[in-house]
Amino acid sequence: MQRLVEPPASLALDALAFSAGGQSIVKPVTLVLPLSGRTLILGPNGAGKSTLLQLIHGMLPPDHGSVAVRQPGAADRPVGAHELGFVLQRPVMLARSVLENVTHALAVRGVARAERESRARHVLAGVGLAALASRPAPRLSGGEQQRLAMARVMAADPACLLLDEPTAHLDPGATASIERLLRDWSTAGTGFVMSTHDLAQARRLADQIIFMHRGEVIEFGPANRFFASPATEIGARFLAGDILE
Amino acid sequence: MNDLAATFPMVADLLSGRQPGLWAIVGLSLKVSALATLVASVLALPLAAVIALFDFRGRNLLIAVLNALMGLPAVVVGLLVYLLLSRAGPLGPLGILFTPSAMVIAQAILVLPLVTALARQILEDSLRELGPYLRSLKASRAHLVLTVLAETRLSLLTALLAGFGRAAAEVGAVMIVGGNIEGVTRTMTTAIALETSKGDLALALSLGFILIAVVLAVNACAQWLRVRAHATLG
């Protein structure tokens, strides 16, 4: 499967919004995200981070607005069905082996049967699970399950990963291994957009920050600038630990 | 109490092979119940999958009707099937009243709502768990259905066993449409009913214990399969 976009492509979000039960969950968001970058969506619980990620991915249809791939010198085009990979906060393991979890994901994504096993073994080696390929996936530890979840997504070679607080339920060791993988993949050209409420993690990983509060994007820009001198009072209060929800 | 005390030697006597008719009754009971479960499942599993995995108009009404039908009285089903298959009935020309085929039809009708309701619940629960993952893969409807069915295969086996259990324990419908003819349509349950009505409670109880043992053996085999599969699949 050939990757459809190459850097420096971007994702253009145009007035993307979502509401439920008469309440605005994500207020219109318009911004451009580099696909190869490391973007962290930061904010307290209930800020709309997960919803925004799902809107970008397309698993949640927006009330209005759109997401498109923008490349220099070309007109914006819709995002391809499998250009964005999504990693859930709590990995869902199929009751089959580690290897079969990956080959199943590849089958769903339309990869030819003959290619599936070799690709699956390659990506499992990349996440350090090659030795566990024949083990039942539900028996893996939490950290291993999340690495497998990322392997399932990476096996299809997406242009960018969207991750919904993938380390929220992991211990520091497992969190470090996930962050290491994300750094490696980003260096190799696969960027990510990841939600977190963990300030320290955002400092470690981000080169761009989207700061959200109550469904609204309050700040968007380089991470070092946000952490050094946030442009808004809410941003400053969040960094100071004064905003919990 | 005396009847109960006499039961155990009688069970041993029945199982010793000196009662050649017994194994024919056990065999017919198993055959009719298994076939009824199979026929019901062929209809119930796709129906459960459609209700669980697709949204359509009238879905809630269909669920309510199926749930209500789980309590369908067996004698009413027996009577309706009797009327359908009797000489004057619309299916009378088939000539299958008082045959094992009629018993299979009656039991399948009884088992269908139960297996459908249980399978629907199993599939819905699985979809709730797997749905976010499959949506994150942008799985097609076909992949979604196939994945959910594959992931629930062991639980669906339990639904089938519940259906088999209902069929094996049923007496009213098979009595009406089968006629309890010795060597033709006599099953464990109809034989128990007959012996009870004759006052031979010890024999009726003995047959009852054998029926329970047969159902237990079938469930034990299924449980062994589940344990083995869990050991392999996690």
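1. Let's start where the chains meet: 16 residues of chain A and 14 residues of chain B make the contact, two residues being in contact if their C-beta atoms, placed from the backbone, lie within 7 Å. On the chain B side, helix H5 (100–136), helix H6 (141–151) and helix H10 (201–233) each give at least two residues. H5(B) has the largest share of that side, with six residues. By class, the chain B side holds six nonpolar, four polar and four charged residues. Here Ala, Val, Leu, Ile, Met, Phe, Trp, Tyr, Cys and Pro count as nonpolar, Asp, Glu, Lys and Arg as charged, and the others, Gly among them, as polar.

2. A word on what you're looking at. This is a predicted model, in which local features need pLDDT of at least 70 and side-chain atom pairs count only at pLDDT 80 or more, while totals for chains, interfaces and linings use all residues. Residues are numbered from 1 along each chain as its sequence is written, and chains are lettered from A and ligands numbered from 1 in the order in which they are written.

3. Now chain A as a whole. It has eight helices and ten strands; these are DSSP runs numbered from the N terminus, helices being H or I with at least four residues and strands E with at least two. The radius of gyration of chain A is 18 Å, close to the 18 Å from the globule rule for 245 residues, so chain A is as compact as a globular protein of that length. That radius is taken over C-alpha atoms, and the rule is 2.2 Å times the number of residues to the power 0.38. Along its principal axes, the C-alpha trace of chain A spans about 50 × 40 × 35 Å.

4. One sheet of chain A is open, has four strands in the order E2-E1-E4-E5, and pairs in the antiparallel sense. Two strands pair if DSSP finds at least two bridges between them. Strand E2 (23–34) and E5 of chain A are at the edges with a single partner strand each, so each has one side without a neighbour in the sheet.

5. Look inside that sheet next. Strand E1 (residues 10–20) and strand E4 (residues 64–70) of chain A are antiparallel and share six bridges. Opposite Ala12(A) you'll find Ala68(A) of E4(A), and opposite Asp14(A) there is Ser66(A) of E4(A). E4(A) also pairs with strand E5 (residues 77–78) of chain A, antiparallel over two bridges, where Ala68(A) has Pro78(A) as its bridge partner. The hairpin of E4(A) and E5(A) has six residues between the strands, and Gly73(A) in this hairpin has a positive phi near 75 degrees.

6. The other sheet to trace is an open one of six strands, ordered E6-E7-E8-E3-E9-E10 (chain A), with mixed pairing. Its edges are strand E6 (84–87) and strand E10 (216–222) of chain A, each with a single partner strand, so one side of each lacks a neighbour in the sheet. On average, neighbouring strands of this sheet are turned by 15 degrees against each other, direction ignored. E6(A) runs parallel to strand E7 (residues 160–164) of chain A over four bridges, with Phe86(A) partnered by Leu162(A) in E7(A). Helix H4 (residues 142–154) of chain A packs on this sheet and touches E6 and E7 of chain A, its direction making about 165 degrees with that of E6(A).

7. H4(A) also packs with helix H5 (residues 172–187) of chain A, at an angle of about 20 degrees and with the axes 9 Å apart. Axes are lines fitted to C-alpha atoms, for helices over the stretch in contact, and angles run from 0 to 180 degrees between N-to-C directions. H4(A) is therefore roughly parallel to H5(A); under 35 degrees counts as roughly parallel, over 145 as roughly antiparallel, 65 to 115 as roughly perpendicular and the rest as oblique. Residues meeting here include Met150(A) in H4(A) and Leu181(A) in H5(A).

8. Back in chain B, helix H9 (residues 188–198) and H10(B) have axes that come within 8 Å and cross at roughly 165 degrees. H9(B) and H10(B) are therefore roughly antiparallel, and H9(B) passes H10(B) in a left-handed crossing. Among the residues in this contact are Ile192(B) of H9(B) and Leu207(B) of H10(B). The contact of H9(B) with H10(B) has nine nonpolar, three polar and one charged residues.

Conventions. Left-handed = near helix turned anticlockwise from the far one by under 90°.
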